[in-house]
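Subject: The structure we talked about

Hi there,

Here is the structure I promised to pass on. Please open it next to this message and read along.

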Amino acid sequence: MNFDEFFAAATHHGHPFDYQRRLAGGDGGCNCDSKLINIPTGMGKTAAVVVAWLWNRLRPTLNPGSSSPAELWPRRLVYCLPMRTLVEQTEKNVRNWLANLKDAGVLSPEVGVHILMGGEDSGDWDLYPERTAILIGTQDMLLSRALNRGYGMSRYRWPMHFGLLNNDCLWVMDETQLMGVGVETSAQLDGFRHKADMPTVGPCPTWWMSATLDDSRLITVDHTELALEIELSDEEKASGSPKALFTAPKRLSKADLNLMPANKKEYEKDLATFIKDRHCEGTLTLVVVNRVRRARAVFEALTAGKKPLCDEPGHVALIHSRFRPEDRERHTKRLFGSGDRIVIATQAVEAGV
């Protein structure tokens, strides 16, 4: 099996982009080094890194006698994100890809998926350090453990997670524009792991993923060199799907709406009325605001009260980071559904959606 076949089996998206193939080293695989993945939104960065890691970890079992052993790639993939909702979306995608590979008969050995964020049971992954695993979590939970100060766990277990997350791991820092100082922290940790007098057991590189990250932020006291940068080539930008993405028409128009009303409470009602008037029946209207309070107020204006603005309140969804899991799932299904619906959201909606 070659890489293109493996990628198609995992994602059901046909052939990979050239940068996805280069990241994985193509059919022959490659070494795993720290990288800055500077790729525009919507180009499949999550699939690129997960499938690249899976391909290089599983390739020796798929192609016996291959020249690049799995040991050149870390045993654990640590996927770090700034928000809970992004963790949930990433987990869903990763589980789908693993299920697809299992159905295709190419997933061996089993790969465990564990979630590290507040209120979630991460399982017993730390009791079996020899197993291949994917850890997906928020930066507070993951970086605190890498700093030997694990949030939400007994301090007597801090050294265990400290050791496991600083050895034999590929760290992926995604949506770095929302991470704040977490970017510099991850760069400094990467510098520590590559110091000659602080060797790790197994490789432990870091991949930073963003279309907007200023690479100078990766320069710290012990991380003094910029990581290898992965970008779209000029040929990729000028042909196929990337060209269609870059040249797609984007119609923008300024909303005829007073953003500074005398009574601030009127803003949400005015915005809700504007949304209702502009919504086209049978389609999706996605509204993104910058505060949970504002999103809730607009949602309530559309659906609540004796005379809600929407004739079908059940077609309106609210997406933000403060829901209970079961409630969030119910609203998220509307976002990814079809037909007539209005979705009011905060930044909890991933840019790639």
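First, the ground rules. This is a predicted model, in which local features need pLDDT of at least 70 and side-chain atom pairs count only at pLDDT 80 or more, while totals for chains, interfaces and linings use all residues. Residues are numbered from 1 along each chain as its sequence is written, and side-chain values use heavy atoms, with hydrogens and water left out.

Let me start with strand β5, residues 169-174. Helices (H or I, at least four residues) and strands (E, at least two) are DSSP runs, numbered from the N terminus. Six of the six residues of β5 are buried, so this strand is largely enclosed by the rest of the structure. Buried here means under 20% relative accessible area, exposed means over 50%, and partly exposed lies in between (1.4 Å probe, protein chains only). In a regular strand the side chains alternate between the two faces of the sheet. In β5, C169, W171 and M173 are on one side and L170, V172 and D174 on the other, and both faces are covered.

What does β5 pair with? Strand β2 (residues 76-81) runs parallel to β5, with five bridges, and strand β6 (residues 206-209) pairs with β5 in the parallel sense over four bridges. Two strands count as paired if DSSP finds at least two bridges between them. W171 faces T206 in β6. On the way from β5 to β6 the chain passes through helix α7 (residues 182-193), and this β-α-β crossover is right-handed; that is, with the strands pointing away from the viewer, the path from the first strand over the helix to the second runs clockwise.

With twelve residues, α7 should span 16 Å, and its end C-alpha atoms are 16 Å apart, which agrees. Nine of the twelve residues of α7 are buried, among them V183, L189 and R193.

β2 is covered too: six of its six residues are buried, with R76, V78 and C80 on one face and L77, Y79 and L81 on the other. V78 stands opposite W171 in β5, and C80 is opposite M173. β2 also pairs with strand β4 (residues 133-138), in the parallel sense over six bridges, where Y79 has I136 as its bridge partner.

Now the second largest pocket, which has a volume of about 410 Å³. On a 1 Å grid over the protein atoms alone, a pocket is an open set of points where a 1.4 Å probe fits, with protein on both sides within 12 Å along at least five of seven lines; lining residues have an atom within 4 Å of a point. Of its 13 lining residues, the closest to the centre are S253, K254, A255, F274 and R278. α10 (265-278) and β8 (284-288) each supply at least two lining residues, and α10 gives the largest share, four residues.

Finally, T283 sits in the loop between α10 and β8. At 34% relative accessibility, T283 counts as partly exposed.

Happy browsing!

Technical notes:
Points joined across faces, edges and corners; volume = space filled by probe spheres on them. Expected span 1.5 Å × (residues − 1).
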